[in-house]
Amino acid sequence: MSGQELYLYRLEAEVEEKGIYHIIVLAPSDEKAFDYAEKELERYTIATPEVKEWVLEEKKRVRSGAGYVIE
């Protein structure tokens with residue numbers, strides 16, 4: 001392993017007429033997290049949606065037992 005710290009990110013993507021998608025990614029930086037989240041959203045949807053707004057909801061350093069509760 002490279003020794004680089006990783007973080008678990010919880011992001012929201014607000015999509016016109018579709019609502020909000022919650023996306024969880026593992027990344028070394030905020031910039032990479034948004035890149036990875038965009039790619040995940042593209043894979044999840046049939047057509048690439050027009051995202052009105054991205055929101056970084058939470059960022060946690062990865063450690064054993066780290067996780068999220070999503071209402």
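**View A. Lys59 and the ring of Tyr7.** The charged end of Lys59 sits over the ring of Tyr7, at 4.5 Å from the ring centre. Such a placement requires NZ of Lys or CZ of Arg within 6 Å of the ring centre and within 35 degrees of the ring normal. The model is predicted: local features need pLDDT of at least 70 and side-chain atom pairs pLDDT 80 or more, whereas totals for chains, interfaces and linings use all residues. Residues are numbered from 1 along each chain as its sequence is written, and side-chain values use heavy atoms, leaving out hydrogens and water.

**View B. The open sheet.** Three strands are arranged in the order β2-β1-β3 with antiparallel pairing; strands (E, at least two residues) and helices (H or I, at least four) are DSSP runs numbered from the N terminus, and two strands pair if DSSP finds at least two bridges between them. The edge strands, β2 and β3 (51-61), each pair on one side only. Neighbouring strands are turned by 20 degrees against each other on average, direction ignored. Between β1 and β3 there are nine bridges, and Glu14 has Glu53 in β3 as its bridge partner. Helix α1 lies across β1, β2 and β3 and runs at about 125 degrees to β2 (axes are lines fitted to C-alpha atoms, for helices over the stretch in contact; angles run from 0 to 180 degrees between N-to-C directions).

**View C. The largest nonpolar core.** This core has 12 residues, among them Tyr7, Leu11, Ile23 and Leu41. A nonpolar core joins buried Ala, Val, Leu, Ile, Met, Phe, Trp, Tyr and Cys residues through side-chain atoms within 4.5 Å; buried means under 20% relative accessible area, exposed over 50%, and partly exposed in between (1.4 Å probe, protein chains only). β1 (7-15), β2 (19-27) and α1 (30-44) each supply at least two residues of the core, and β1 gives the largest share, five residues.

**View D. Edge-to-face aromatic pairs.** Rings of Phe, Tyr and Trp (its six-membered ring) pair if their centres lie within 6.5 Å; planes under 30 degrees apart count as stacked, over 60 as edge-to-face and the rest as tilted. By this rule there are three aromatic pairs. Tyr21 and Tyr44 are edge-to-face, 5.9 Å centre to centre with 75 degrees between the planes. Tyr21 lies in strand β2 and Tyr44 in helix α1, so this pair ties together parts 23 residues apart in sequence. Tyr44 is exposed, at 64% relative accessibility. The Phe34 and Trp54 rings have centres 6.3 Å apart and planes at 90 degrees, so this pair is edge-to-face.

Methods:
Contact = heavy atoms within 4.5 Å.
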